[in-house]
Amino acid sequence: MSPPAPVVVSIGRGTCTVVQGGGQGAAEGEREPVSCELSGDLARVQQTALAVGDRVVLQDRPGAAPLVTAVLPRSSTLSRPDPMDPHIERVLVANVDDVVIVSSTRRPAFKAGLVDRTMVAVQHGGARPVVVVNKAELLDDRGRAALEAELETYRELGLPVVLTSTVTGEGITALRALLAGRTCAFVGHSGVGKSSLLNALAGQDAATTGRVREGDGKGRHTTTQAALHALPDGTRVVDTPGVRAFGLWGLDRLALRHYFPDLEGLGCRYGDCVHDPEPQADCAVKRAVAAGTVSAARYRTWLRLLREL
Ligand SMILES: Nc1nc2c(ncn2[C@@H]2O[C@H](COP(=O)(O)OP(=O)(O)OP(=O)(O)O)[C@@H](O)[C@H]2O)c(=O)[nH]1
Ligand SMILES: [Mg+2]
Ligand SMILES: [Zn+2]
């Protein structure tokens, strides 16, 4: 068997760093990272063509850094439209098993809409979404009960949901067990604690963390580049920079239905109904929302995504 292809652990302009053997497990994770240059073709489209987690083909060059000449087929991607030019696909990370959608209870406040959008993007790209809400210790009992009710939506969809706190340690053991031996990426708003969670899982400072702003509790975009970290137990975590929003790449209205089984499962009798607020006499989804058996936030997300596509 040929050795596993080198894996990209970080990317710069026209360059990247790889580890041989994919950094699997502690032993291989300690292998020296190698700095490489991208071939001209790759460098021109690098935001689409190359992402952290990619497996690549290298060409050795005497007296110069190895050249990345090709990217191997991906098992999963997490993509979104480039915020500056929505016609360009931006691949945030490739070949991960799980995408951990990290949010926080407060500072910054929990936003179900962002979780829903990211969840659709993750599933569309072929990875498993995991929902983590960090800073659990900032909630009082009432706040926690309200959050748990909101999170029930994701549990019903069969997704793992974990409440964590890097301050009290709540949920860290559960998260470590959930991700053990897998390759995953942490995504979410700036300041929710992605890098802090990585450090908690690693048991050491693997990544730099930053404080949220005093006034509005927003993050300061401390992490500026995605980077893959190999943890002592063999788990690999790609820590990513905070996103402001999450657009959907490569989805149409028909495909969108697929990612809302909770709404589709209500069996609306109008085959082509998109369950929008326009009067459609007997839409099952709208009835369920009115009756409170389906989360209103989930329905709002559905409508927002529908309008966007
Ligand atoms: N209260 C509380 N604060 C936390 C917790 N976890 C992290 N923080 C704090 O939240 C702030 C932001 O943490 P980071 O880990 O830098 O957040 P991030 O998501 O990596 O942010 P970006 O790199 O900017 O995307 C820091 O001040 C952390 O100390 C937690 O569980 N509870
Ligand atoms: Mg960070
Ligand atoms: Zn309907």
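1. The shell around ligand 1 draws its largest share, 3 residues, from α7. Helices (H or I, at least four residues) and strands (E, at least two) are DSSP runs, numbered from the N terminus. This is a predicted model: local features need pLDDT of at least 70, side-chain atom pairs count only at pLDDT 80 or more, and totals for chains, interfaces and linings use all residues. Residues count from 1 along each chain as its sequence is written, while chains are lettered from A and ligands numbered from 1 in written order.

2. In total, 25 residues surround ligand 1 (C-beta atom, placed from the backbone, within 6 Å). The closest are Gly193, Ser196, Thr209, Thr223 and Gly242. By class, the shell holds 5 nonpolar, 15 polar and 5 charged residues. Ala, Val, Leu, Ile, Met, Phe, Trp, Tyr, Cys and Pro count as nonpolar, Asp, Glu, Lys and Arg as charged, and the others, Gly among them, as polar.

3. Helix α7 (residues 194-202) is largely enclosed by the rest of the structure, because 7 of its 9 residues are buried. Buried means 20 or more other C-beta atoms within 10 Å of the residue's own, with C-beta atoms placed from the backbone. The buried set is Lys194, Ser195, Ser196, Leu197, Leu198, Ala200 and Leu201. These residues pack against β8, β9, α6, β11, β12 and β13. Just after α7, Gly203 has a positive phi of about 75 degrees.

4. Arg298 sits in helix α11 (residues 296-308). Arg298 is buried, with 22 other C-beta atoms within 10 Å. Beyond neighbours within four places in sequence, Arg298 is in contact (C-beta atoms, placed from the backbone, within 7 Å) with Asp116, Thr153 and Asp262.

Technical notes. A residue is buried if 20 or more other C-beta atoms lie within 10 Å of its own, exposed if 12 or fewer, and partly exposed in between; C-beta atoms are placed from the backbone. Two residues are in contact if their C-beta atoms, placed from the backbone, lie within 7 Å.
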